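Subject: Structure handover and notes

Hello,

Here is the structure for you to open alongside this email. Please read the notes below with it on screen.

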Amino acid sequence: MTRPGRLLRRHAALLVMPMLVALFLAATVAIHPAFGAFDVQSLALGALPLALAAAAQTVVVLSGGIDLSVGSLMAVANVVAARTMQHAGFGQSLGLAALIVLGGAASGAVNGAVLVASRVPDVVVTLAAGFIWGGIALLILEQPGGGAPDAFLNLGAGTLFDGLVPNALVLLIVVVAAIWLPVRSSRLGLTLYAIGSDRTAAFRSGVAVERTRFLAYVVGGVFSAVGGLALTMTTGIGSPLAGTYYTLSGLAAVVVGGVSLTGGRGGMTGPMFAAYILTLIPTDLIFLNIDPNFGQVIQGTLIVLVVMGGGLATLLRQRP
Amino acid sequence: MVALRAADLQVRAGEVHALMGANGAGKSTLVKMLTGVLRPDGGSISIRGTPRRFRSPLAARQAGLVSVYQDPALVPDLTIAQNLRLARTPPDVVRQWLGRFGFSALDFATAVRELPLPTLRLIDLARALAAEPDILLLDEITAALPPDLAEHVYAAARQWRSLGRSVIFISHRLAEIAALCDRATVLRDGVTVGVVEPAQGGEERIVALMLGAPPEAAARAGIAAAAAPSGPPALEVQALRCGEKLRDVSFALRAGEVLGLAALEGQGQEELFDCLAGLRRPDAGAILAAGAPQHFHHPADAIRAGLVLVPADRVRALLPQRSVHENIALPLVRRLRDWGGLPMRAERARVAEAVRRLQIDTRAAAEVKRLSGGNQQKVVIARWLACGFRTLLCFDPTRGIDIGTKRQIYALLRELAASGAAVLLFTSELSEIPLACDRVAVLFGGRIVAGMPAAGADEATLLRAAHGLRARAEAPA
Amino acid sequence: MTLAAFLRERSLLVLALLLALLVGIITVVRPGTVTPDWIANTLLFAVPLGLMAGGETLLLLAGGIDLSVASVASGAAYLLSSNAAPLGTTLAVLLGLAAGLLVGLLNGVGVAIFRVQPLVMTLGTGLMAQGALVVYSQKIIGQEQLVPRAVATLGSGKFAGLVPYALFLWLPLALLLILGLRRSGFGRLLYAVGDNEAACRLSGVRVWRVLLAAYAACGLLAAVAGIVLVGTTNAADLSLANVYLLPAIAAAIIGGTSIFGGRGGYGGTIVGALFLTVLDSLLTLLNAPEPVKQMLYGGVILALAAAYTRLTD
């Protein structure tokens, strides 16, 4: 295979996903000519928590696992932020945010440790963990409420460069790059992909498989906590029940973003673009005067079609 | 199950040392211990006189022992460069070695998934060499490797020897062992039975050691020879080809006959049995059951045509958590029309009859996983007795089974043949072919290279043919 | 016999003792609570859970799982109540059941034929079903919502003021499931497929058929559960059955059905469903908040899954 062809295949998500986003944006403008800078701003803000949920899920899925507690962890971070930041100053709120991210790492560590120690499959552990974290979120904040200082909430609002680049997008890029790039370029990133791709070969190459699985959940926990903070930013309050939505939609973004659910294949950029697409769908439906609840149907259908397509491809490959 | 009882292996500095043994002799268990995958129950491993205990492949590597396996330890979704980083290997040295192997143009940014297996083995070898191990363990990496690439492997092993380091070389090819190795340790039934110098006519001694005690001549006494078979063959295979390994195989098997198949690992026998059992589709050739051509899409088709499989790996065939009864009765509910109420009484009678004929010990009948290996294998065979068949395909059915049960199974195969069934039996234990078979065919490189009556097939002849060597005029004593 | 072996063999007995213990605690904490009436109500509340858990049991046995049961149950209930007035009771009930069957079949096609991971597939179809339901509810805004009398009687009425009518539905279905799993070819195959798919294939079993039928049956049972539930609440809302998703899976796991497939049965699930229902009423008596219940469920699943993993290694 020639070099460009190989590059194309390996980075298909990188090429296709921006085109898809552009296509959806173009369609949005066509449907709704008044779609302007403000709408782009709210799109970027709306996509922020979903993109971070997808980031959390991506790390775990790349390592060959699956995390059904992402949304609940986000909810915990969200309600903790809304409760503690309500009467805090801007500086204090940044300090609290840092603590919450640390807490996210610790929660991810708990998930990972239970998983490795109990030898129960990822699915069961994180399903149960999801309900436990969800319960904790409800204990911290029974009803949607709380808040955060305006300066903190405004981090994600506004634009740069004459309204061309929404701050929320900059924030997303900065945060994901700050967490993921060091991981990706370190030995951890390499071992993460390795255990997701082939655990036996990775083990024989000298990789500490269990430790890497554990660390994947820690990094996932960090992303979940940041996602919870982003949720506080977009909604201004804490809502303990936001959980399930982001678990499912985050997984959808991962699948649509070209990450293989069997692990080892895919990247971080695909799911980020997919998060924008999944956020654009309900927006477009509103502009089209179609019931935005169709958005959920379309998301569900998209997941099902993408995974079925993957299954079909596998079937065809096995039967030459 | 004890795979390894008393294995001694001494490898000198500056030698290429062969590790030999028939299938199931304990080679792979020994390799796993040497490389830190399994921990020994007893005994010790020393490198340069220092006792070592490895907890992982990484620890073995750090102690100076690096292995290259038949299936390369390369992660498919990573590039070559990334795989080298994974094992902390300097790419420049690897590139030098690969240059010597004739792969100087290889792009290290290529994903491993996109490369053919022989290339991967050499990359794995180059990676191992670059780690500068004191001991290099090559586990059957020349199997199914083209001759020119195998030549590079020999050259690397010789160079390692000239540097005063050691190579442990595992292979089934006697010829290459004679040409390459200084000494050979032979394992049988988990015990070291001898150390031989293969170069000076040691081949015959290796064969003798691998065989162990001469087979009991009278073992077949009491088993009546089957009546001369007549009519169309129960199973006929014509020019069958499947994948890389099964190239061109034809034979006919008559009702009332047991045909033995002898082969080393990976000569195409897996593919042959998979095709006959409906697990794989052949690329070319024909399968005829009782004279009618067959195209199997699913094992159900093969079962309908009367071909049933007893696989080597019992774990593959059994429902470990279910009872002996349910395991035996499984094929009885295979069709859609069996989904309704179970004819419990009739089923129980059929299962009981099969259990009785095979003398299955039913004391731990609630969960098949708690039965002994021999009893598990009997359950797999009993399943087909209860279901009915015309041709029984047995793939190494006595692997890891005690001698008493083995005898029972062979006696049963004879009995089945006597009552009109056809049996195709692949076994890795060549000494047992005369016990059970009427005829024997030898498979090498995906083709049948020899055929003879089982009565005259002594093991030395079979082993030589299975190694691709021409049969000699007289068999050694 | 070792303790592990004892627990493995007699897990149902241990669970039944735990259930009795819970009832005992209730009589101690709130004397006079446990009356024939209380028992009847507990059984009544256990019916929808028991039915949904029945579907999950079939799938867990076969090595699968269904996360769309809650959406399906809510959907069937909503379809029934919004169509009862124009279509009549029988057709409306059939419509609800058909919707359950449809989603179940879709799950089955994805898992059995396209080999999609059950979890992801049923997550997707659950989203689809829930979304479609919301859209549907807005299309028919203003239409009369009606829970037919027969359904209300089924879900809340009691024969002779004592025995819930729902039991007359649950008992035969439970008997069918228990007997079917033990004495029918299909039941045999569910265990076999969950224990070792490769062995089934070698024995000539076409695994996809078994899985497809199991997912369809699970969808159907979830729809039945939704219909009983709407009879109990007497009003359908879009998230009617959502709280039952985790308890349905938990009931099966608590009842000794292996999450890895191949072992368990519906008898255990029934005890598991009763156990969760009694636990729920104990927590309610103690005024435990909802989140604590949720965490307890999660903890119980995790602990039992870990325990079973160790017992069967």
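The notes below take chain A, then chain B, then chain C.

This is a predicted model: local features need pLDDT of at least 70, side-chain atom pairs count only at pLDDT 80 or more, and totals for chains, interfaces and linings use all residues. Residues are numbered from 1 along each chain as its sequence is written, chains are lettered from A and ligands numbered from 1 in the order in which they are written, and side-chain values use heavy atoms, with hydrogens and water left out.

Chain A

Chain A has 14 helices and 2 strands. (Helices are DSSP runs of H or I with at least four residues, strands are runs of E with at least two, and both are numbered from the N terminus.) The C-alpha trace spans about 55 × 45 × 35 Å along its principal axes. (Buried means under 20% relative accessible area, exposed over 50%, partly exposed in between, with a 1.4 Å probe and protein chains only.) Take the contacts in chain A with a separation of 6 or more: 78% of them join residues 24 or more positions apart. (Areas come from the Shrake-Rupley method with a 1.4 Å probe; for residues, only the protein chains shown count as cover.)

Chain B

Start with strand 16 of chain B, residues 422-426. Here 5 of 5 residues are buried. In a regular strand the side chains alternate between the two faces of the sheet. In strand 16 of chain B both faces are covered: B:Ala422, B:Leu424 and B:Phe426 on one side, B:Val423 and B:Leu425 on the other.

Strand 16 of chain B pairs in parallel with strand 11 (residues 258-262) over 4 bridges. Pairing needs at least two DSSP bridges between the strands. B:Leu259 has B:Leu424 as its bridge partner. Strand 15 (residues 391-395) of chain B also runs parallel to strand 16, with 5 bridges. There, B:Cys394 stands opposite B:Leu425.

B:Phe426 has a relative accessible area of 2%, so it is buried. Beyond four places in sequence, its contacts include B:Leu261, B:Phe273, B:Cys394 and B:Asp396.

B:Asp396 sits in the loop between strand 15 and helix 15 (403-418) of chain B. Its phi is near 45°, positive in a residue other than glycine. B:Asp396 is buried, at 0% relative accessibility.

B:Glu140 also has a positive phi, near 55°. B:Glu140 lies in the loop between strand 5 (135-139) and helix 6 (147-162) of chain B. At 8% relative accessible area, B:Glu140 is buried.

Chain C

Which residues make the nonpolar surface patch of about 500 Å²? They are C:Leu18, C:Leu21, C:Ile25, C:Val28, C:Val29 and C:Leu286. (Patch residues have over 30% relative accessible area and no salt bridge; like charges are joined within 9 Å, nonpolar side chains (Val, Leu, Ile, Met, Phe, Trp, Tyr) within 5 Å. A salt bridge is a side-chain nitrogen of Lys or Arg within 4 Å of a carboxyl oxygen of Asp or Glu.) C:Val29 is in helix 2 (residues 11-29) of chain C. C:Val29 counts as partly exposed because its relative accessibility is 31%.

Best wishes

Definitions and conventions
Contact = heavy atoms within 4.5 Å.
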